[in-house]
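The sequence and structure are shown first.

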Amino acid sequence: MKPITGWMVALSFLLSAGSAKIHAAEKLWKAGVARMEITPTEPLWLAGYATRDKPAEGKLMPLWIKTLALEDADGHRAVILTSDTLGIPQAMHQNVCARLKQKFQLEPEQIILSASHTHCGPVLRGALYDMYPLDDQQRSMIDKYSAELEAKIVETIGKALADLSPARLAAGQGTAGFAVNRRNNSEANVPKLIEQGALKGPVDHAVPVLAVFLPDGKLKAVLFGYACHNTVMAFYQWSGDYAGFAQMALEKSHPEATALFFMGCGGDQNPLPRRKVELAERYGNMLAAAVEEVLLARPRALGPQLATRMEMISLNLGPVPTEAELEKMTNEKPESHQRWARRLLSEMKAGKPFIRSYSFPLQAWRLGDQLLITMGGEPVVDYALKFKQEFGTQTWVAGYCNDVMTYIPSLRVLKEGGYDGGGAMIPYGLPAWRWADDVEELIMNGARRLVKSQ
Ligand SMILES: [Zn+2]
């Protein structure tokens, strides 16, 4: 018997949509969802801004981790966890993956731990410590919260796997226009530039949508993405920011469904103008409306075949700061730079060699005919545009997955410099001024290998 093909599944999906009948010969996906609240109960420091000077003071909305588990017709499984965090650091990813292997026989290639990059979530263990003036008490609170979060991630994934039941998957792509290239448009001028239609790119305004339907046609889950910093707000309240509002809007109009958000290549993209809760809500509603349009337009059915691939790519770090450069920085503002310089100097004096490369997670999944590429770090938008050019305009690209170690510039942005080009190495604590020149080449070649191997 010939294996069932994508178009046959599409046809049977069309024939049976809206009815409870499952075609006898039809093979289905299985899907499961689970969620847990992760809003800190203690006054932890909020992640993402060096300018904050005190811990959190209450919440605008709860923070969540949510999991979508998938199983194809051959029993191959994968899990996507989305989270209202700035980024899941490398060590936490490793701890979680080790436990998921032990408990559920899942390999890292079958696991996506993504972060919405909200700047109104908690500081996590070992992430960006040079950025904040943390005392010992804060550090121990962060350690405790991070250990609890690891346990909750494993538990939520276990619940989503236990919830696996027959489902149909469908894919589509909408658009939303609030992401602005922050390197090419000064924030203060953005309202005027919008009025004049004079904003400069590059941008990626695509809204990729994965819809998960029960066999009777009801929506069980919707996973969607957008390439834009989740930074409307910079205040002292826990919040999922625009992505939190988008998920709340979708869950309000589809009360039985779980809405999950992933960040695209938004390293150099900001939601502008910003800094008002009304704007976070408005952008969230714009994103939710884009998702609703995809659902209404009948997204294309995905055959129940899943491929998961992953490589840890060794990315080279660029020029190293000298002792004299570090000494000079210990007296210069901002204080986060002083902390970085002092820490590196003490490592230098202790004879501890600086790392010269970093193990970078890259994944390529295929759901039916839908390609999803995930990257660690904060990739600039060029990566999404290059992958779409190379692998097709329907390609989905997620950043901020499985580790957020710093920004990931394209060669263009690396050469232009600035915060996304190299400056962010300092708050992220890496011992180099920037990545080496081959950063883009290594990532592009890695993605080509992964896609080809599917
Ligand atoms: Zn960022």
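The text below treats a group of paired strands and then a pair of helices.

The model is predicted, so local features need pLDDT of at least 70 and side-chain atom pairs count only at pLDDT 80 or more, while totals for chains, interfaces and linings use all residues. Residues are numbered from 1 along each chain as its sequence is written, and side-chain values use heavy atoms, with hydrogens and water left out.

Helices (H or I, at least four residues) and strands (E, at least two) are DSSP runs numbered from the N terminus. Strand β13 (residues 357-367) is mostly covered, with eight of its 11 residues buried, that is, under 20% relative accessible area with a 1.4 Å probe and protein chains only. Two strands pair if DSSP finds at least two bridges between them; the pairings of β13 are tabulated here.

| Pair | Sense | Bridges |
|---|---|---|
| β12 (residues 306-316) and β13 | antiparallel | 11 bridges |
| β13 and β14 (residues 370-375) | antiparallel | six bridges |

Met 312 has Pro 361 in β13 as its bridge partner, and Leu 367 has Gln 370 in β14. A hairpin is formed by β13 and β14, with two residues between them, and Gly 368 in the turn has a positive phi of about 60 degrees.

The axes of helix α9 (residues 382-391) and helix α13 (residues 439-452) come within 12 Å and cross at roughly 40 degrees. Axes are lines fitted to C-alpha atoms, for helices over the stretch in contact, and angles run from 0 to 180 degrees between N-to-C directions. The two helices, α9 and α13, are therefore oblique to each other; angles under 35 degrees count as roughly parallel, over 145 as roughly antiparallel, 65 to 115 as roughly perpendicular and the rest as oblique.

Key
Buried < 20%, exposed > 50% of the residue type's maximum accessible area, 1.4 Å probe, protein only.
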